[in-house]
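I opened a new page for this structure. My notes below follow the order in which I looked things up.

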Amino acid sequence: MAGLVGWVAQSEIVLVTSEHNGEFAVSSHSLREDDFRHPRLQLLRSREKLDEVVSAGKTQLEKIILLRSWARRQWEPGGTFYYPPWDAIEILDLARRYGNRGFCAQYAIVFLQACQSLGIHARYVDLPGHFVVAVWSDDYDRWVLMDPTNDLYYERDGVPMRGRDLYRAYWRGDPEGIVQVDSDGRRMAATPDDLASYRLYSIGLSANQLSEPVRVKNNGLWKTLAPARNYRTYPKIGRDQLMITSDFLAWRSQDAQESFPRRPETTDPDEFRYALNQTIILLANERLTNGILRVALLSSNSPTFDRFLIRSEESAGWVSTGSATIKWLLHPGMNDLSARTETTDGWRGNVSEMRVFYKPPLVESLPSSRGNIFRLLWHRSG
């Protein structure tokens, strides 16, 4: 027994007691986006002074709401208009110069490309008779549904809601606790009629229409909808027969009694989750040197990744590093490490965390028995 007690006392022990890690994207449908440095996006950002538009926002969500409100203010909707390419600059120019008043699709396009110009990920959402946008929120680590036409989003228990949440609430007849939040922060209880638009829900798999313009069938003829000198050559809503093609994936649950016609469906939440800007913390190996543990950092599904930010008890705040391997100096007892990604536009991803318990050897050096000192690494997934 004395030998066992001595062995334990002299052992160096590291025990991973908990971890909260980011995710690897497992969806078989990746989101195709325009390069956020696309010239048209950068022109939109500079010409419309979008950095000033969002300057009052303290959080990423607040800045997204300011962008949504800005998009809604650019024109008043109209039922008859020339249907322009999916290009925010072209849409804005036609609305301002010629009074070409688009509707929900045009508000969604302007809002989505405004988000992209600031390095924020967004995707289109198609509903029955309505077109909205889902924006990736790094703060909430989820897609958040934004309706730029009505300038609102939905919350439940203070958390911005996903489109699938609204879909589920409709089919279960459960609007309790759901509120509509407008750009002024006013909250109004959502009704079953409000949720009816979400009885069918599908996401766009492409948000890259600047580099790959949409194809439309106009009065029976297929054409690529690209910017033209004469806007009157665009299809006219209210006059022409127009069919627009784009890749959409529909969500279908057991509760639903309707489905999108002729559209691929999924019941797998991972197909819709598609988490972005994730960080994975891993132990690089099982060896400690002078109480230092090597840790590997992985960025997952972060197209505009710039660097990692890390924080421990030894640091006053977040410290940046461009290295994927760091040295973590452990002290006896519990040790906490946090890490997150930062993008080229300064957006910070969700925080990943690891906690380890460390017991150093009772005696740092025993020359006569150094070969008998054991280092143990125990790991338990959190």
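I began with a term: a salt bridge is a side-chain nitrogen of Lys or Arg within 4 Å of a carboxyl oxygen of Asp or Glu. By this rule I count 29 salt bridges.

I noted the ground rules next. This is a predicted model, in which local features need pLDDT of at least 70, side-chain atom pairs count only at pLDDT 80 or more, and totals for chains, interfaces and linings use all residues. Residues are numbered from 1 along each chain as its sequence is written, and side-chain values use heavy atoms, with hydrogens and water left out.

**Confidence.** I looked up pLDDT, the predictor's confidence in each residue, from 0 to 100. The protein chain has a mean pLDDT of 89, with 92% of its residues at 70 or more. Over residues 366–382 pLDDT stays under 50. Where pLDDT is low, the predicted coordinates should not be read in detail.

**A network.** Which residues are linked with Arg47 in a network of salt bridges? I found Glu48, Asp93, Arg96 and Arg97.

I then checked accessibility: buried means under 20% relative accessible area, exposed over 50%, and partly exposed in between (1.4 Å probe, protein chains only). Arg97 is exposed at 60%, while Asp93 is buried at 12%.

**Two other pairs.** Arg45 forms a salt bridge with Asp51, the closest N and O atoms being 2.9 Å apart. Arg45 is buried at 18%, and Asp51 is partly exposed at 41%.

Glu265 forms a salt bridge with Arg252 at 3.6 Å between the closest N and O atoms. This pair links distant parts of the chain, 13 residues apart: Glu265 is in strand 18 (residues 265–266), and Arg252 is in the loop between strand 17 (248–251) and strand 18. Glu265 is partly exposed at 36%, as is Arg252 at 24%.

**Helix 4.** Is helix 4 largely enclosed or open? I found 11 of its 14 residues buried, so helix 4 is largely enclosed by the rest of the structure. Among the buried residues are Leu61, Ile64, Trp70 and Arg72.

**Phe24.** Phe24 is exposed, with a relative accessible area of 52%.

Methods: Contact = heavy atoms within 4.5 Å. Helix = DSSP H or I, 4+ residues; strand = E, 2+ residues; numbered from the N terminus.
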